[in-house]
Amino acid sequence: MSFVTVTDVFQSYGRRPIIEQVNVSVDEGEFISIVGASGCGKSTFLRLLLAQENPTRGEVRIAGAPPAVEPGLDRGVVFQRYSVFPHMTVRENVVAGESLRRPWGRFFGADLKAARTRADETLARCGLDHVADQYPATLSGGMQQRLAIGQALAAKPRILLLDEPFGALDPGTRLAMHDFLRDLRAETGMTVFMVTHDLEEAFKLGDRVLVFDKPRWDPQDPSLNGATITYDFDARDGGIPFQTLKEDTHVLQDNG
Amino acid sequence: MRAINIKPSRPLAVFLTVLPFVLVFIAYAIGSDIRLTANPSDKLLPAPSTIWDTAVRLTTEGDRRSGRILFWHDTWASLKRLALGIGISASLGLVIGLMIGLLPLARSFLAQFVAVLSMIPPLALLPILFIVFGLGELSKVVLIVIGTLPFIIRDLSQRTIEVPQELLVKAQTLGASSWVITLRVALPQVMPRLIQAVRLSLGPAWLFLIAAEAIAADLGLGYRIFLVRRYLAMDVILTYVIWITILAFLMDWTLRAMSRKLFPWAEEGL
């Protein structure tokens, strides 16, 4: 059975439909890239996955649990900006990933010590151990995003949602972040949804690429129709999945 | 070179900072000198030396009747009222501001109400306060609270609303309850703003304090100024005015220094 199931989801703001009839199911551990033109409901779809918004029709289920009505521990998120708490140091930010669920939002005594040790391990993995006591405002954009990912993973979510996480980064940092994210995923086997504008990034990182677009377009009233998933590419093996031969063809195999 | 690109060197900057103070002092000294040469017993613009002598007398010599140095008693009485008023305003403003900013229910319930309340001129309520709370300390403190609270509430609720939605969602995905979000995300982010709002409220707070003291009090800086007005004792009035200015400036400076020290992550706008 699939891990994340989106069944017949519609979302409209007022009378304006944003997305229509979205059906998709995702297995555990898949990396889903979501692309599409601006205003085609990618971010709305992510907010629905996050349960920040509730669909007007249809439902989103994670691991068979009843549809969530508000964001919770099972979904981790990293936004393009404002993903870390500016008033906490880098280490406190990672500790917060575990401690905010407590009644007072913090750890005390031995728990705090243990959480700090775990946070330092996470920071070392994110390459941020040398800035553990600084405030996020002093970090570069790439470091802030690494921190945001580390913080989200510290809470051990079922799925990780990334909303254009590298959109504000320069190309070099972006490439470094791709490697970082790949390593992290290889380690954790996390189910990831990533919205991006960058097609290359989408195919490079994703196992599947979902394309959001409007299937019908009314020239008189472009906002009449909502968008839906128009393509669902298999992006493994560099986007050419059929390169891996599944049957014995006895043709051109005997090169070696 | 364009005027906007001309930056003063360090000594020039210090000189320019001091200059207006010196100019005002010189202008006053000249004006006072002109009047005093025309009429040595003129009371309107006492000479700076007279003001200094008065200041020394006020701060060191006791009252002839009670032996108390009234200057310090006045200061203490006024500061107590001010601190109490501002303290109550800040605490209430923080709690209500956070509620309006974070809870849509509280926003619907209170935001417009506070907006309307803030339009009432507080001084127009002063007679009511005197009638309801009597002429004692309570009515003065309540006037300061009424005068500064709506502004603090509106400022803090606005700042709370401006906390990026992303941070609130992020906190929810980390399992935070509304209470934890208030305590660990919203509260620390509006605290620098609270200090800022208190700094901006100090001006009105002094205004309300002096107005209330002028009308009914038996001790206090504002009371003293309005008392000696009857004797045209400009030297005393000026001493008190300068003292109030120094106090207000020191409070403002202390609050700013505190904000910088306590909230190093909020560098902008302090």
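**Stop 1: A90 in chain B**

This is a predicted model. Begin with A90(B), which is part of helix 3 of chain B, residues 70–102. Is A90(B) buried or exposed? Its relative accessible area is 12%, and the cut-off for buried is under 20%, so A90(B) counts as buried.

Now show what surrounds A90(B). Set aside the neighbours within four places in sequence, and the contacts are I152(B), L194(B) and V198(B). Next, draw a distance from the C-alpha of A90(B) to the C-alpha of F130(B). The two residues are 40 apart along the chain, and the distance reads 23 Å.

**Stop 2: all of chain B**

Zoom out and colour chain B by secondary structure. How many helices and strands does chain B have? There are ten helices and zero strands. Read from the N terminus, the order is α-α-α-α-α-α-α-α-α-α. Chain B is more spread out than a compact globule, because its radius of gyration is 23 Å, well over the 18 Å that the globule rule gives for 270 residues.

The trace spans about 75 × 65 × 30 Å. Switch to a surface. Chain B exposes about 15300 Å², and carbon and sulfur atoms supply 70% of that area. Of the 270 residues in chain B, 42% are buried.

Take the contacts between residues at least 6 apart in sequence: 69% of them join residues at least 24 apart.

**Stop 3: strand 3 of chain A and its partners**

Move to chain A and select residues 31–36. This is strand 3, and five of its six residues are buried. Which strands pair with strand 3? One is strand 7 of chain A, parallel to strand 3 over four bridges. Another is strand 8 of chain A, residues 208–213, also parallel, with five bridges to strand 3.

Pick one residue pair on each side. I32(A) has F193(A) in strand 7 as its bridge partner. V35(A) has V211(A) in strand 8 as its bridge partner.

**Stop 4: T191 in strand 7**

Stay with strand 7 of chain A, residues 191–195, and select T191(A). T191(A) is buried, at 1% relative accessibility. What does the side chain of T191(A) reach? A polar atom of that side chain lies 2.9 Å from the backbone nitrogen of G29(A).

**Stop 5: helix 1 of chain A**

Select residues 42–50 of chain A. This is helix 1, and it is largely enclosed by the rest of the structure, because seven of its nine residues are buried. Which residues of helix 1 are buried? They are K42(A), T44(A), F45(A), L46(A), L48(A), L49(A) and L50(A).

**Stop 6: two loops with positive phi**

Select K156(A), in the loop between helix 4 (141–154) and strand 6 (159–163) of chain A. Phi of K156(A) is near 50°, a positive value in a residue other than glycine. K156(A) is exposed, with a relative accessible area of 67%.

Then jump to E164(A). Its loop runs between strand 6 and helix 5 (171–188) of chain A. E164(A) is not a glycine either, yet phi is positive at about 45°. Is E164(A) buried or exposed? At 17% relative accessibility, E164(A) counts as buried.

**Last stop: cysteines**

Select C40(A) and C126(A). C40(A) is buried at 7% relative accessible area, and C126(A) is buried at 4%. How many disulfides are there over all chains? With a cut-off of 2.5 Å between cysteine sulfur atoms, the count is zero.

Notes. Residues numbered from 1 in each chain as written. Chains lettered and ligands numbered in written order. Predicted model: local features only at pLDDT ≥ 70, side-chain atom pairs only at ≥ 80, totals over all residues. Heavy atoms only, no water. Buried < 20%, exposed > 50% of the residue type's maximum accessible area, 1.4 Å probe, protein only. Polar contact = N/O pair within 3.5 Å; in protein donor to acceptor, adjacent residues only side chain to side chain. Rg over C-alpha atoms; globule rule 2.2 N^0.38 Å. Contact = heavy atoms within 4.5 Å. Areas by Shrake-Rupley, 256 points an atom, 1.4 Å probe, with all protein chains shown as cover. Pairing = 2+ DSSP bridges.
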